[in-house]
Amino acid sequence: MTPEGKRGLTAAAAGAVIIASCTWIYFTQIRAVKHNVALHQRIGEVIAEQTAELIGRKGRVVTIAMETKEWPELKTQLAAFHTRLKALGTYEVRDYEMDTKDQPKYSVGSGLSGRRYIRTVNKNTNANVFISFIGAPRLNKEERAELAIKPRLIAEARAVDNLPSLFQHQLLDVAVVSRFQYPSPGPENPKTPQDWFAKRYQIVTAT
């Protein structure tokens, strides 16, 4: 190999190391801390509080989420949910982590398909409530007929277009959604976790 070739290979290797280092820093440090921790802690707490309000101080709870490695905000929400729920009563909690197969449709508040939801419900017919952190499923008439029970559902959702149908068929009790009604309540410059929640999210029910 010529000296020029060796220098080019060395430069390419150095460049690869730099890129790998930057990628590692981004995913393990920058992205891990850039989300609003107070906000996402409050989201988890609110979902736990809605759970207790819906089924009382004890019951069987099934959570539906996904692997949190690439979603630190979801990790924050889940930790806050479990901590708050434990303080509110005695619950038997079963956590389901969906295999997303790296599909881009999955994120915090979106991605749950009707098919996967049906399978989860039919495997847990003794559950008092299902909690989805990855959206509310779209269910057509045929899919609704496949449900072994009429489940109670609390969902964190980014989109709201499919919620009216779920409410209409009594397949959704509470949705915690990205705020779509303005002006938001609370101070213009949020300071507390609840301030942040009121500014960015809202609770939607059938009523």
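The model is predicted. The chain has 7 helices and 6 strands. Buried residues account for 43% of its 207 residues.

**Overall fold**

- Along the sequence, the elements come in the pattern α-α-β-α-β-α-β-α-β-α-β-α-β.
- Among contacts with a separation of 6 or more, 66% join residues 24 or more positions apart.

**The sheet**

- An open sheet is built from 6 strands, in the order β2-β1-β3-β4-β5-β6. Its pairing is mixed.
- The edges are held by β2 (90-98) and β6 (201-205). Each has a single partner strand, so one side of each lacks a neighbour in the sheet.
- From one strand to the next, the twist averages 15°.

- Strand β3 covers residues 129-132. Both of its faces are covered.
- Val129 and Ile131 lie on one side of β3, with Phe130 and Ser132 on the other. These four residues are all buried.
- Strand β1 (residues 58-66) runs parallel to β3, and 4 bridges join the two.
- Ile64 has Ser132 of β3 as its bridge partner.
- Strand β4 (residues 153-157) also pairs with β3 in the parallel sense, over 3 bridges.
- In β4, Ala155 stands opposite Ser132.
- Between β3 and β4 the chain passes through helix α5 (residues 141-146). This β-α-β crossover is right-handed.

**Helices on the sheet**

- Helix α2 lies across β1, β2, β3, β4, β5 and β6. The helix runs at about 160° to β4.
- Helix α7 packs on the sheet as well, where it touches β5 and β6. The directions of α7 and β6 make an angle of about 65°.

**Where α2 meets α7**

- Helix α2 spans residues 37-55, and helix α7 spans residues 193-200. Their axes come within 8 Å.
- The axes cross at roughly 80°. Angles of 65 to 115 degrees count as roughly perpendicular, and α2 and α7 are therefore roughly perpendicular to each other.
- From α2, the contact uses Ala38, Leu39, Arg42, Ile43 and Val46.
- From α7, the contact uses Pro193, Gln194, Trp196, Phe197 and Arg200.
- By type, the residues of this contact are 7 nonpolar, 1 polar and 2 charged.

**Backbone details**

- Most residues other than glycine have a negative phi, and most peptide bonds are trans. Two places in this chain deserve a look on that account.
- Gln170 is not a glycine, yet its phi is positive, at about 55°.
- Gln170 sits in the loop between α6 (163-168) and β5.
- Gln170 has a relative accessible area of 55%. Exposed means over 50%, so Gln170 is exposed.
- Tyr182 and Pro183 are joined by a cis peptide bond, with omega about 0°.
- Pro183 belongs to the loop between β5 (174-178) and α7.

How values were computed. Residues numbered from 1 in each chain as written. Predicted model: local features only at pLDDT ≥ 70, side-chain atom pairs only at ≥ 80, totals over all residues. Heavy atoms only, no water. Axes fitted to C-alpha atoms, helices over the stretch in contact; angles between N-to-C directions. Parallel < 35°, antiparallel > 145°, perpendicular 65-115°, else oblique. Contact = heavy atoms within 4.5 Å. Nonpolar A, V, L, I, M, F, W, Y, C, P; charged D, E, K, R; others polar. Buried < 20%, exposed > 50% of the residue type's maximum accessible area, 1.4 Å probe, protein only. Pairing = 2+ DSSP bridges. Right-handed = clockwise from strand over helix to strand, strands pointing away.
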